[in-house]
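Open the model in your viewer and keep the selection tool ready. We will go stop by stop.

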Amino acid sequence: MRALFLSVALLFSVDAFACPMADAAAYQTALQEVKATEGTQLAFKVDGMHCGDCSNKVIAALKGVDGVKAAAVDYQTGEAIVSIDAEKTNADALLAAISELGYAAAPAEVQG
Ligand SMILES: [Cu+2]
């Protein structure tokens, strides 16, 4: 019973940190950064993300690819957009980096 209470309390405290509004705001900030960064813009649709940790993992994986200048990922819509140096990397390399994490990814249209 005590263990149950503790795990419920833990769930609520974790929830308090995971704020979808803050995640959406962080995405908008990152999106502006991608748009402002010189380079080729590529967009992807990523399936299977469910929280800010997921989008942070995808962002880290994308930024870990040589040639990626900026990346924004929204787990709520599955949208991912990156600015790249097209002489160093390409869509296939980025799709592979996302799939390695276990998320399904496909190329998408760059919006706006
Ligand atoms: Cu997650």
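**Stop one: Ala30**

Select Ala30, which sits in helix 2 (residues 20–36). Helices (H or I, at least four residues) and strands (E, at least two) are DSSP runs, numbered from the N terminus. Residue numbers start from 1 along each chain as its sequence is written. This is a predicted model: local features need pLDDT of at least 70, side-chain atom pairs count only at pLDDT 80 or more, and totals for chains, interfaces and linings use all residues.

Buried takes 20 or more other C-beta atoms within 10 Å, exposed 12 or fewer, and partly exposed falls in between; C-beta atoms are placed from the backbone.

**Stop two: helix 3**

Select residues 52–63, helix 3. Its buried residues are Gly52, Ser55, Val58, Ile59, Ala61 and Leu62. They pack against helix 2, strand 1 (40–47), strand 2 (68–74), strand 3 (79–84) and helix 4 (91–100).

**Stop three: the core**

The largest nonpolar core has 24 residues. Such a core is a set of buried Ala, Val, Leu, Ile, Met, Phe, Trp, Tyr and Cys residues joined through C-beta atoms within 7 Å. Val58, Leu62, Val73 and Val82 are among those with the most contacts inside it. Strand 2 gives the most to this core: five residues.

Finish on Val82. Beyond its neighbours within four places in sequence, Val82 is in contact (C-beta atoms within 7 Å, placed from the backbone) with residues including Val34, Leu62 and Leu94.

Technical notes. The expected span of a helix is 1.5 Å times one less than its number of residues. Two residues are in contact if their C-beta atoms, placed from the backbone, lie within 7 Å.
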